[in-house]
Amino acid sequence: MTEIFESTGQALLYGVVGLVVMAVGFIALDLVTPGKLYHVVWTDRNRGAAVLLGSQSVAVGLVIMKAIEASESEQGLGYGLISTLLYGLAGVLVMTVVGIVIGVFTPGQMGAVVLDDQDGRPHPAAWVQAGMYLGTGFMVGAAIS
């Protein structure tokens, strides 16, 4: 029974680390998109922003999952939590840089373009950016494992 409680505590700690990384990912995406992301998604109901945020959340979740899997170590729980945090933050950094680089090579300001909903549909660039976030999440996840 003690093992169950110990494993539950570890799961909660990894959950907190994952939440921190997800929050940093949200802040990073907010910095590279025009306006306040929470307002654009929840108040303005912008579908392009929702596509970006959803895909980035899945990608960050994948990186965190792979980081947790890779954190199994004889060096203890603290090492595992720190490595998960650092791998997760590295994933967020790479996704943010990829987003910025894509923005440099596309016409107009990428953040503004992906938030340009027309006729209630996200701009195609939102789907491209979403795919880049997911692809980056898979890439970083593979590098971790």
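Contact here means heavy atoms within 4.5 Å. This is a predicted model in which local features need pLDDT of at least 70 and side-chain atom pairs count only at pLDDT 80 or more, while totals for chains, interfaces and linings use all residues. Residues are numbered from 1 along each chain as its sequence is written, and side-chain values use heavy atoms, with hydrogens and water left out.

## Overall build

The protein chain holds 6 helices and 0 strands, where helices (H or I, at least four residues) and strands (E, at least two) are DSSP runs numbered from the N terminus. Read along the sequence, the pattern is α-α-α-α-α-α. The C-alpha trace spans about 55 × 30 × 20 Å along its principal axes.

Of the 145 residues, 38% count as buried. Buried means under 20% relative accessible area, exposed means over 50%, and partly exposed lies in between (1.4 Å probe, protein chains only). The accessible surface of the chain comes to about 8300 Å², and 68% of that surface belongs to carbon and sulfur atoms. Accessible areas come from the Shrake-Rupley method with a 1.4 Å probe; for residues, only the protein chains shown count as cover. Among contacts between residues at least 6 apart in sequence, 74% join residues at least 24 apart.

## Confidence

The mean pLDDT of the chain is 88, and 97% of its residues reach 70 or more. pLDDT is the predictor's confidence in each residue, from 0 to 100. Among the elements of the chain, helix 5 (residues 110-114) has the lowest mean pLDDT, 70, and helix 1 has the highest, 93. Where pLDDT is low, the predicted coordinates should not be read in detail.

## Annotated spans

An unreviewed UniProt entry lists residues 12-29, 49-68, 80-105 and 125-144 under "transmembrane region". UniProt positions are given in the numbering used here, feature names are shortened, and annotations may be inferred rather than shown by experiment. In the model, residues 49-68 are 100% helix and 0% strand, with end C-alpha atoms 28 Å apart. Residues 125-144 are likewise 100% helix and 0% strand, and the end C-alpha atoms of this span lie 28 Å apart.

## Salt bridges

The structure holds 2 salt bridges. A salt bridge is a side-chain nitrogen of Lys or Arg within 4 Å of a carboxyl oxygen of Asp or Glu.

| Salt bridge | N to O distance |
|---|---|
| Lys36 and Asp30 | 3.7 Å |
| Lys66 and Glu69 | 3.4 Å |

Asp30 has its place in helix 1. Leaving aside neighbours within four places in sequence, Asp30 is in contact with Gly35, Lys36 and Leu37.

The other pair belongs to helix 3 (residues 47-70), where Glu69 and Lys66 are 3 residues apart and so are separated by about one helical turn. Glu69 is partly exposed, with 44% relative accessibility. Lys66 also counts as partly exposed, at 21%.

## Nonpolar patch and helix 4

Ile27, Leu31, Val32, Leu93, Val97, Ile100, Val101, Val104 and Phe105 form a nonpolar patch on the surface, with about 910 Å² of accessible area together. Patches are made of residues with over 30% relative accessible area and no salt bridge; like charges are joined within 9 Å, and nonpolar side chains (Val, Leu, Ile, Met, Phe, Trp, Tyr) within 5 Å. Helix 1 (2-32) and helix 4 (77-104) each supply at least two residues of the patch. The largest share, 5 residues, comes from helix 4.

Val104 lies in helix 4 and is exposed, with a relative accessible area of 61%. Leu89 lies in helix 4 too, and counts as partly exposed at 31% relative accessibility. Not counting residues up to four places away in sequence, Leu89 touches Val21 and Val24. Leu89 and Gly9 are 80 residues apart in sequence and 22 Å apart in space, C-alpha to C-alpha.

## A loop residue

Arg45 lies in the loop between helix 2 (37-43) and helix 3. The phi angle of Arg45 is near 60°, a positive value in a residue other than glycine. Arg45 counts as exposed, with 65% relative accessibility.
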